[in-house]
Amino acid sequence: MRKFIKGNEAVTIGAIYAGCDAYFGYPITPASEIAHAAAMHFPPLGKEFLQAECETAAINMMYGAAAAGKLSMSASSGPGMSLMQEGMSYLAGAQLPAVVVDIMRTGPGLGNIGPEQGDYNQAVKGGGHGNYRTIVLAPNSVQEMCDLTIKCFELSMKYRNPALLLADAVLGQMMESLTIPDGMLEKQDFSSWSVRGDAVTRKNLVCSIYLEPDLQERHNWMLQEKYESMRCETMAENYLCDDADLVLTAYGSCSRICRSAVDMLRDEGFKVGLFRPISLYPFPEEEMNSAMGGKDVLVVELSNGQYRDDVRLHLRDCDAVIGLANRMGGNLISVEEVLSKARDMLEGSP
Amino acid sequence: MIIRSKGFYDEFERKGGRRRTTHYCAGCGHGIIQKLIAEAMVDLGIQDDTVFVSPVGCAAFCYYYLDCGHVAGPHGRAAAVASGLVRAIPDKVVIAYQGDGDLGAIGFNNAFQAANRGDGFAHFFVNNALYAMTGGQLAPTTLPGQKTTTSPYGRDVVNTGEPLKVCEVFNQLDRPVYIERVSVADSKRIKQARKAIRKALEIQKEGKGYAFVEILSPCPTNMRADSVGAAEFVTKEMEGYFPLGVFRDRSDAETACCMEVAPKTVEEIVDADYAGDVIADMPELRERRYKFSGFGGQGILSLGLVIADAASEMGRHVSWFPSYGPEQRGGSASCSVVVSGREIGSPTIDHPDVLVAMNQPSLERFLPTLRQGAVLIYESSVPLNVEVPEGVNVHPFPAARIASENGVAKAANTALLGCMVELGLLDMPEAEIAEALRRSFSAKPKLIDSNMAVFEAAKEYARKELS
């Protein structure tokens, strides 16, 4: 079964198949279609939909619903994502599952509603306070907008940690064919930690406060071990990297533009490949090194080198030439800009 | 100090050790209030059903004492957390407990909106006219002239406003079921507070809606008084600004029910378009990149969608991407459609293979991007005064006229579709395109025949004039 559908709507379809129980959100372009679809589709399925008074309220409603062992989601962008960061920290601290979708727009400040990838650091490094991490998955197609939403819920439940689907306006607005998921995600038993208002969970406490420094430190160590254990969940795509002299690397909509560039450069006889991280946290370090080790690298992103910094951080080959082709402000990078930068690198121009 | 109260844990293990004293200062109202809530919870038989949301502040540690399910969230957000909880467990009892900084300042809108929605929880608001835990600062409820650590010269109402009367504000809203202000400054008042707290919890047990109880409470430490002095301050000073009493009791009124929405299955919601799952690669199929552009309302986006739908139905790789953000300026709309036999790279198009332009701005913007071998179809009533790049095949086409002549002035886009079919630009059987055109009018079946007439007329024109 397939459906020709917008990326933002595919997110909602994914949420339905993931067994999401509730949507709490505040409208913001370019993420609003996710709320529109949830408002339309959740109530007939007996799921909750509530338009919150602000993003701060939305993320705390999610905190409440998650504390009761229910799966909830929200979608936002730019300023709204910033408002949610305190709540993300609390969700991580209290180890609650919840999924937030960030359809990135431009910034800083109000910016505009065009596509950008400037929320990379906020998403991947933990945008709120404290020593925590958010699971971050970056789709690059309408199919992945659905499938990775489901994966976000799956990992969020498995690790009791907030998960973030990091997409941008291109992926949200574009339409492609979506193959409908086979079946529903299996529900997990949260009775050991949730508070559902019943005898089984009466003794439970959902919180992130440990007054004793030693206990707070122990909690922190436990979280770090959990983040370390997530390494087995890394996801990445390697497109024609094996014999490549130059590897382009990009995530999200940029990776689609790079794929076109790789095909064109291959047609011109250049050995070029594309490495695409799908999980941004946990970062696919091993996959990246095996795809890009010993090769020149061209990072393509719609931000100010935030992703390139992570490439530098994770690439063990310290001598690698790492180029950057980037745009900001709502301008997409064109295939030609990527081609031009790649040709410069392949031909050894500065 | 409170020992072995009904509804409290036997020992306060979360506090550390096997202690049975609370962490509250002597003369503080919190212990009394929590004891009243715990007792009511047991007496009403709702202990298993109750989830208690703590604030941040001195009462952050309610979970040391009350024997029920507990959630501790961010400063100010207890109401929002409770709003989420009541939607997750609508048949249970949810309590949110907040101080005056927590509810009256940082979290006021969350509390206010929860009250306005009538979210079904008991909302206990402890007003001691200051921030206690953080060191006795000015709260929204601080009295005029009252000295706090951040109003060392006394509260200046010209600069910081008058004490915030939350009961009076919430009493302007329609949905709250119960609103009362009480005090725990002396035993007579505690009796009334006990009644109010029970009432709020009964309303929850019976699922009647939102109940708000404000409780004036002494804080000897930050009121810089002994227990007696602090209680006197509450009664003599605070009650002057915050009169006690029941503001509203609609607990006997009939409870409103949510609007009914007809249930659907997941399959009905998803409403799949096509039966097959797999999109197989067709390496022999050339990739075509189409750009459609015109004024908003000329059906440009739908024209792209009909083609995308037909290709998708046939199991081809297709992407459709609308003009977006800065590109939409000037009232123009455009979309990019890529149809391919293999996985599509960029859904955006720098150099279209086919440009369909319906207005002057579209020609100005996109015609210069065409390269040798590309095709331009443009609405022939628009003057072509943009330089045509070398090697571009240009087809002026009277789409608007053909549409009007066939009785559907708005169907210029359908005419252009017919033209594209006739010029062989779609690499798909005509029947598939016609079927997709019919599908696009599934919500307005009356328009199918007239649009098919436009489609046929356009093909005929293109066959005679353009081939």
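**Cysteines, domains and nonpolar cores**

Cys207(A) is buried, at 10% relative accessible area (buried is under 20%, exposed over 50% and partly exposed in between, with a 1.4 Å probe and protein chains only). The model is predicted, and local features therefore need pLDDT of at least 70 and side-chain atom pairs pLDDT 80 or more, whereas totals for chains, interfaces and linings use all residues. Residues are numbered from 1 along each chain as its sequence is written, chains are lettered from A and ligands numbered from 1 in the order in which they are written, and side-chain values use heavy atoms, without hydrogens and water.

Across all chains there are zero disulfides, a disulfide being a pair of cysteine sulfur atoms within 2.5 Å. For Cys207(A), the nearest cysteine sulfur belongs to Cys62(B), 12 Å away. Cys318(A) is likewise in no disulfide, and its nearest cysteine sulfur, that of Cys241(A), is 20 Å away. Cys318(A) is exposed, with 72% relative accessibility.

In chain B, domain 1 spans 13-249 and domain 2 spans 282-466; these bounds come from an automatic or database domain assignment. Their C-alpha centres lie 63 Å apart.

The largest nonpolar core comprises 136 residues, and Met73(A) and Phe170(B) have the most contacts inside it. Such a core is a set of buried Ala, Val, Leu, Ile, Met, Phe, Trp, Tyr and Cys residues joined through side-chain atoms within 4.5 Å. Leaving aside residues up to four places away in sequence, Phe170(B) touches residues including Phe108(B), Phe112(B), Tyr210(B) and Arg248(B) (contact means heavy atoms within 4.5 Å). Another core lies apart from the largest one and has 50 residues, among them Ala308(B), Val318(B), Val337(B) and Val354(B).
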